[in-house]
Amino acid sequence: MNAMNPHQEQQAALLNRIALNVEKLNESLVQLNQKLEQVNNQTQSTMLIAQVWNSYSKSAHINLEGLGGLQPPE
């Protein structure tokens, strides 16, 4: 039989724990990346809406000025 000495057993146990922790870390990083992708998608949607609103606002302002319908605040 090829028995390990106590030092080898301890080293093997530590390596096993490290491997399991790295696996858990990798799973957590995959989840984090997925969440970051969702956040980025939402941010892009918000930016698009802001750009559309900004263009609409500028266009409305130009049209109101052209029609003489833009009144100064009272």
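Figure 1. Helices (H or I, at least four residues) and strands (E, at least two) are DSSP runs, numbered from the N terminus. This is a predicted model: local features need pLDDT of at least 70, side-chain atom pairs count only at pLDDT 80 or more, and totals for chains, interfaces and linings use all residues. Residues are numbered from 1 along each chain as its sequence is written, and side-chain values use heavy atoms, leaving out hydrogens and water.

**Figure 2. Overall dimensions of the chain.** The C-alpha trace spans about 100 × 25 × 10 Å along its principal axes. The radius of gyration of the chain is 31 Å, while a compact globule of 74 residues would have one near 11 Å. That radius is taken over C-alpha atoms, and the globule rule is 2.2 Å times the number of residues to the power 0.38. Of the 74 residues, 0% count as buried (buried is under 20% relative accessible area, exposed over 50%, partly exposed in between; 1.4 Å probe, protein chains only).

**Figure 3. A nonpolar surface patch around Leu 29.** Leu 25, Leu 29, Leu 32 and Leu 36 make this patch of about 350 Å². Patch residues have over 30% relative accessible area and no salt bridge; like charges are joined within 9 Å, nonpolar side chains (Val, Leu, Ile, Met, Phe, Trp, Tyr) within 5 Å. A salt bridge is a side-chain nitrogen of Lys or Arg within 4 Å of a carboxyl oxygen of Asp or Glu. Leu 29 lies in helix 1 (residues 6-67). Leu 29 is partly exposed, at 39% relative accessible area.

**Figure 4. Ala 60 in helix 1.** Ala 60 is partly exposed, with a relative accessible area of 25%. Its C-alpha atom is separated by 39 Å from that of Gln 34, 26 residues apart along the chain.

Conventions: Areas by Shrake-Rupley, 256 points an atom, 1.4 Å probe, with all protein chains shown as cover.
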